[in-house]
Amino acid sequence: MQNNSRRAFIKNTAITGLGAGLLPNDMLSFPGNSPRKVKKVIVAGAGIAGLCTAYELMKRGHDVTVLEATGRHGGHVFTVHDGLSDGLYGDFGAEHITKPGYERYWSYLNELGVEALPYPRRKNILRRIDGKFYTEEMLRDKVVLKTLGFNEKEIAFLSKNPYWDLNSLYVKPYLSKFTDEYNPFNAGYDELDKVPIDDIYKRDGASARALEILSASNTSALFEFWRSAILNIRGVPQFPVDVFRLKGGNQMLPNAFAKKLGPRVWLNCPIQSIEHGASGVTVKYKRFGEEQVITADYLVNCIPLPAFRKIPVTPAFPPEKQFVIDNIQYDSYQRFVFQASSKFWEKDNLSINMEFDHPDLWAVWQSADEVDTHRVIILGTGSGGISVQRALAVFRELYPGSKDTIEQAVSRDWTKEAFSSTCERVNFPLGELHKFWPEIIKPHGRIHFAGAYADNLNWGMEASTRSAYRAANEIDMA
Ligand SMILES: Cc1cc2nc3c(=O)[nH]c(=O)nc-3n(C[C@H](O)[C@H](O)[C@H](O)COP(=O)(O)OP(=O)(O)OC[C@H]3O[C@@H](n4cnc5c(N)ncnc54)[C@H](O)[C@@H]3O)c2cc1C
C-alpha cells in the first residue's frame, strides 16, 4: 500500500505542481516544512466529504482507503439518468452552490476542470401564499404587502428588497460585531444563546406575517446572528438568488474526486466497528458479506453523525464528544424529478420556479436545461413518505396554468435510506451552542471529523469540502 501511495504521490505532486520531494523511509518533505511521515488513513464514507478528504490526503502523499457502505460513491450528491429520456438527468440530492460563499468548492472545480452553469431556479419565483399565487413584482407592491399583513417598516423594506431577504431587516444590526466566522462567542451576545430568536423578532416589532416567515423554533438569537454573520462575512446575501449547478449534474465533482482516487475507494464495505488507541485505529467492515479488518494510523469520520452513532466505538468517546454525536439533529425529505415533453408553463406565461404552501410538495424548478432536447426536467422537494404519484397529483392540483405535459416521474425518498436517511444538519438547539461548537469539529485521539455536519454553516457541499480540507491538514501536520 505504501509503495502505491508513494507512486501516486509523485504522480499527483507532478500534476498539481506542489513541488514536494520524497525522502527515504516513507518521509514526506515540503519546502519550508520539516519532514513528515507517510500516514495510513481510513476515511469512513464516500460522500463528497469523504472523497474530498481522501483526495487531499492523497495529494499530500498519504496512504488512504475510503470505506463506503453502499454500492455507489457520492452520498447525498446523487445525479440520476435512470428512467429519464434523451440524456436528461436530475439531482436527487444537493442542488446548488453560490458565488461567493462556496470558495473551497469552486477551487476544486477549477483544479479538476469541472464546469458550473448559472442556475436561475431562484429567479422570478412564483409564490403561493394562503392559497394564492404572487409574482415577485406583486410582492414588492405596498398595497399587496399591506394586505398580507406586513407592518410599515417591513413594507418599506420589502418594496425595495427580495421577499426572502426579510430576515436581514431584523438581524443586520447585530452582525458587525462578529469578525471571525468560526467563532460565535465573545461578540457581546453570548447570553442570547438562552433567548429564542423569535423573542428578538417580536421585541424588534415583527408583524405576525413576518414571524410566520422568520420563525425558527428551538433556535437561539445567538445561533441565528452567528449564522447570518457567517454569510455576511462571506459576502453572501441572506437569500442568494444567483446560484449555480454543475453541467451534467452535481455528482460531477464527487466523480472527479473518485476518478483521481481510483482503487482507494472501496464500495459495499459498511463499517461495523471502530477501535482506537494512542497509536492507531482498527476498523471492522464487511466486504462481499464477510467481516474484514483494516488498521491505520488515523480515521476520518465522514459519515453523518446519526449514522455514525450506530457504529460501536471502543473505547467510548469522552462525554462532551458523545453528547454531540448523540444529540445532533438533521432534517430529511424527498426529491421528485418530473420529465415533461415541453416547457408547458411558457404558453401559460408563468415561471416554473414555484414555491407552494402545501405539506407534500414545497417547491419546483427547472434543471438540466443544457441538454439538447425539447424535453425538460422539473425538480421538486417535498415530504418523505409521499409517493411520486401523489407529488405529481399535488403539482397538477396547484399548477395555476392550463395543462402540463409531464410524462414521467421518479423520486428519491431520503427518509427511507438505510445509510443516508438524513439530509441536512439543522440549527443547534436553544442554549446549547457551547456544547456543540467547536466540539463538533474537534478530533479525538486518532479520529478526526469531516463532513457537511463538521463546519460552521450547514451549507452541505461547501461545508463538506471545507471540513475535508481542514481534517486532511490536521492529519498531515500531526
Ligand atoms: C434533497 C437535498 C438537497 C440538498 N441541497 C443542497 C444544496 O443545494 N447545496 C448544498 O451544498 N447541499 C445540499 N444538500 C446537502 C448535501 O447534499 C449534503 O450535506 C452533503 O452531500 C453531505 O455530504 P457528506 O459527504 O458529509 O455526507 P453523505 O453524502 O451523507 O456521505 C456519507 C456517506 O457515508 C456512507 N455511510 C453511512 N454509513 C456508513 C457505514 N457504516 N460504513 C461506511 N459508509 C457509511 C453513506 O452511504 C454515504 O455515502 C442537499 C441534500 C439533499 C438530500
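I started with Pro315, which sits in the loop between strand E18 (313–314) and helix H12 (319–327). The model is a predicted one, and I kept that in mind throughout. I looked up Pro315 for its peptide bond: the link from Thr314 to Pro315 is cis, with omega about -15°.

I then went to Pro100, in the loop between strand E8 (97–98) and helix H3 (103–112). Here too I found a cis bond, from Lys99 to Pro100, with omega near 5°. Asn124 isn't a glycine, yet its phi is positive, near 50°. I noted these spots because most residues other than glycine have a negative phi, and most peptide bonds are trans.

Next, overall build. I get 16 helices and 26 strands for the chain. The C-alpha atoms fill a box of roughly 75 × 55 × 40 Å along the principal axes.

How is the chain divided into domains? I have domain 1 as 2–74 + 251–328 + 425–477, domain 2 as 79–122 + 243–248 + 333–416, and domain 3 as 133–234.

I picked the boundary between domain 1 and domain 3. There, 15 residues of domain 1 contact 19 residues of domain 3. The buried area comes to about 1600 Å², with 62% of it from carbon and sulfur atoms.

On the domain 1 side, helix H15 (433–436) and helix H16 (460–477) are the elements that give two or more residues. By class, I sorted that side into seven nonpolar, four polar and four charged residues. One salt bridge runs between domain 1 and domain 3. I also looked at Arg466 and Glu181, which form a salt bridge with their closest N and O atoms 3.2 Å apart.

Last, I searched the whole structure and got 31 salt bridges. One I wrote down is Asp476 with Arg60, at 3.9 Å from N to O. This pair links distant parts of the chain, 416 residues apart: Asp476 is in helix H16, and Arg60 is in the loop between helix H2 (48–59) and strand E5 (63–67).

How values were computed
Residues numbered from 1 in each chain as written. Predicted model: local features only at pLDDT ≥ 70, side-chain atom pairs only at ≥ 80, totals over all residues. Heavy atoms only, no water. Domains from an automatic or database assignment. Contact = heavy atoms within 4.5 Å. Buried area = accessible area lost by both parts, 1.4 Å probe. Salt bridge = Lys/Arg side-chain N within 4 Å of Asp/Glu carboxyl O. Helix = DSSP H or I, 4+ residues; strand = E, 2+ residues; numbered from the N terminus. Nonpolar A, V, L, I, M, F, W, Y, C, P; charged D, E, K, R; others polar.
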